[in-house]
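User: I would like to go through the terms used for this model. Please set each value against its definition.

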Amino acid sequence: MASHLHLFLTSLLVLLFISPSTSLTCSSQTFSANTKFTNCTDLPFLKSFLHWTFDTTKHTLSIAFIASPASPDGWIAWGINPHAPTMLGTQSLIAFKNAKGSVIVKTYNLTSYKSITESKLLYNVLDSKAESSSAGVMRIFATLELPENTTTVNQVWQVGPAVKDGMPVMHKLEADNLKSKTTLDLATSEGNKNNNGTASTSNSSSGQSGKETGGSSRMLKSETSVFAFLFFLGVVLLQL
């Protein structure tokens, strides 16, 4: 009996390590208050994720950007560059903890590599907020009004190590930090039109139900199948 149980536990650990983990994909992420997004994207750098819905009638882009700061007292940022997928010129939303420990989000028009100044964006920000989890992951929620006939946006995202005197401190200049930019195609359900790296995307033509974000259920089905197999294997082994 003990050897069978040991075999079962060993199999469980092996399968957990070799099987895809939905905790590392946007399709497994949930939101409070029944928040819904039509699409989600596993961004290719900085272990970040984007959930988004584009309203073609109102020309609004609603997003949830999820990432972990470079350190517990750091910051995360997501923005749109109207000219090119580069940092300079990006209309950015940056989230960090204020002096009271509350997570806030502010807007910045990034015009310099050396310093930034809080300012209004070229896009009308209809609403924005930020939150953090006990694990230190931060989320930026926002709805931006885009120009008519917009079909793609240059998105830039980043994570930083610290905030000094209420201002985000410069991020690292490592490869992933410098590559964290892609073109998001709003005209297709995939949203995947990248200049740097490849972001896996998920979408749901019928929207979402409950608290799950829209997205392919293949990963979730795969995980369900794995654990169904493990359950069956455990039952068989315990009968021996």
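User: What does the accessible surface of the protein chain come to, and how much of it belongs to carbon and sulfur atoms?

Analyst: The accessible surface comes to about 13000 Å², with 57% belonging to carbon and sulfur atoms. Areas come from the Shrake-Rupley method with a 1.4 Å probe; for residues, only the protein chains shown count as cover. This is a predicted model: local features need pLDDT of at least 70, side-chain atom pairs count only at pLDDT 80 or more, and totals for chains, interfaces and linings use all residues. Residues are numbered from 1 along each chain as its sequence is written, and side-chain values use heavy atoms, leaving out hydrogens and water.

User: Why is Met-170 called partly exposed?

Analyst: Buried means under 20% relative accessible area, exposed over 50%, and partly exposed in between. Met-170 has 37% relative accessibility, so Met-170 counts as partly exposed. Met-170 lies in the loop between β11 (167-168) and α2 (175-179). Helices (H or I, at least four residues) and strands (E, at least two) are DSSP runs, numbered from the N terminus.

User: How many of the 240 residues are buried, as a percentage?

Analyst: Buried residues make up 40% of the 240.

User: What makes a nonpolar core, and which members of the largest one touch the most others?

Analyst: A nonpolar core is a set of buried Ala, Val, Leu, Ile, Met, Phe, Trp, Tyr and Cys residues joined through side-chain atoms within 4.5 Å. The largest has 29 residues; Leu-61, Phe-65, Trp-78 and Leu-146 touch the most other members. Elements giving two or more residues to this core include β3 (60-67) and β4 (75-81).

User: What does Leu-146 touch?

Analyst: Contact means heavy atoms within 4.5 Å. Beyond four places away in sequence, the residues touched by Leu-146 include Phe-54, Tyr-123 and Leu-186.

Technical notes: Buried < 20%, exposed > 50% of the residue type's maximum accessible area, 1.4 Å probe, protein only.
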